[in-house]
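Here are my notes on this model, as numbered points. Please read them with the structure open.

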Amino acid sequence: MENVREHIIEAAAEKMRAVGIKSISVDDICRQLGISKKTFYVYFETKDELIRALLRRHESGIEEAVHKQAEGKTVLELMLGFMTLANCVKDVRKDPPLLYDLQKYYPQLFNEHTARVREISIRLLQYYLRKGQEEGFFRSDLDIDKTARVVAYIHHEMVNNLPQVKDEEKEVFVDHAKYAVDILMRGIISDEGKHEVKNRVEKHS
């Protein structure tokens, strides 16, 4: 039974990522999977419940993906990667159809999703900030909770504001974002950590 439920979520996710939520009906999903609506409603009472399950599935994969990407790396290596803003300043033209529809037609689900993702980000940051303290890379007097929330807020603002930035202003936006991250990093890295960063940069320059 769990396999059927997962198949429904996967089919819905594929369609909604491509064309959004609004234009996809329960009938469309059932037709694609070759199941009856009666079978669908065994697993999901409403379309909203399916969307919520889809979002939770996405959220649960975030932490796993981040830890997998960070596996075997020191906090120094992770922070150098973060400072390049590789994941923060992608050349995004607009939100994916799924998120656009979610925000427009399902604002409550969108707000719940955004809040959960932010809490996941904060939890991940807290973990890596503590790890960095243990490695001597971050200041020992750092307030982990406050720092994690500030970093999460800055990241959230950059990611969510970039799609609305005009093309001719993107370069300035990215430059300011990099500057903000540079200031932030200098404020939380220990003297030993700054020395490590300097050596790494000089080594690769």
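1. Start with Leu 129. Is it buried or exposed? Its relative accessibility is 5%, so Leu 129 counts as buried. The residue sits in helix α7. Bear in mind throughout that this is a predicted model.

2. What does Leu 129 touch, once residues up to four places away in sequence are set aside? The partners are Phe 138, Leu 142, Ile 144, Thr 147, Ala 148 and Ile 188. Take Leu 142 as one of them. It lies 13 residues from Leu 129 in sequence, and the two C-alpha atoms are 8.7 Å apart.

3. Leu 129 also belongs to the largest nonpolar core, which has 25 residues. It is listed there among the residues with the most contacts inside the core, together with Met 79, Phe 137, Phe 138, Met 185, Ile 188 and Ile 189. Which helices supply at least two residues each to this core? They include α5 (75-83), α7, α8 (144-161) and α9 (167-188).

4. Now the overall layout. The chain has 10 helices and 0 strands. Read from the N terminus, the order of elements is α-α-α-α-α-α-α-α-α-α. Of the 205 residues, 35% count as buried. Take the contacts between residues at least 6 apart in sequence: 72% of them join residues at least 24 apart.

5. Glu 196 is found in helix α10 (residues 191-203). Its relative accessibility is 26%, so Glu 196 counts as partly exposed. Leaving out residues up to four places away in sequence, Glu 196 touches Leu 76 and Phe 137. Glu 196 and Phe 137 are 59 residues apart in sequence, yet their C-alpha atoms are 8.3 Å apart.

6. Next, α6 against α7. Two packed helices are described by the angle between their axes and the distance between the axes. For α6 (residues 97-105) and α7 (residues 107-134), the axes come within 5 Å and cross at roughly 120 degrees. That angle makes α6 oblique to α7. On the α6 side, the contact uses Leu 99, Leu 102, Gln 103, Lys 104 and Tyr 105. On the α7 side, it uses Pro 107, Leu 109, Phe 110 and His 113. Sorted by class, the contact of α6 with α7 has 6 nonpolar, 2 polar and 1 charged residues.

7. Which residues of α6 are buried? They are Leu 98, Asp 101 and Leu 102. Viewed down the axis of α6, these buried residues fall within an arc of 105 degrees, so they line one face of the helix. The cover over them includes α1 (2-19), α4 (47-70) and α7.

8. How do their axes cross? They come within 10 Å and cross at roughly 90 degrees. The two helices are therefore roughly perpendicular to each other. From α1, the contact is made by Arg 5, Glu 6, Ile 8, Ile 9, Glu 10, Ala 12, Ala 13 and Met 16. From α4, it is made by Lys 47, Leu 50, Ile 51, Ala 53, Leu 54 and Arg 57. By class, the residues of the contact of α1 with α4 divide into 9 nonpolar, no polar and 5 charged.

9. Finally, Phe 44. Where is it placed? Phe 44 is in the loop between α3 (37-43) and α4. Phe 44 is buried, with a relative accessible area of 0%. Setting aside neighbours within four places in sequence, Phe 44 is in contact with Arg 5, Ile 8, Ile 9, Glu 49, Leu 50 and Ala 53. Among these, Arg 5, Ile 8, Ile 9, Leu 50 and Ala 53 also take part in the contact of α1 with α4. Phe 44 and Arg 5 are 39 residues apart along the chain, and their C-alpha atoms are separated by 8.5 Å.

How values were computed
Residues numbered from 1 in each chain as written. Predicted model: local features only at pLDDT ≥ 70, side-chain atom pairs only at ≥ 80, totals over all residues. Heavy atoms only, no water. Axes fitted to C-alpha atoms, helices over the stretch in contact; angles between N-to-C directions. Helix = DSSP H or I, 4+ residues; strand = E, 2+ residues; numbered from the N terminus. Parallel < 35°, antiparallel > 145°, perpendicular 65-115°, else oblique. Contact = heavy atoms within 4.5 Å. Nonpolar A, V, L, I, M, F, W, Y, C, P; charged D, E, K, R; others polar. Buried < 20%, exposed > 50% of the residue type's maximum accessible area, 1.4 Å probe, protein only. Arc of directions from axis to C-beta. Core = buried A, V, L, I, M, F, W, Y, C linked by side-chain atoms within 4.5 Å.
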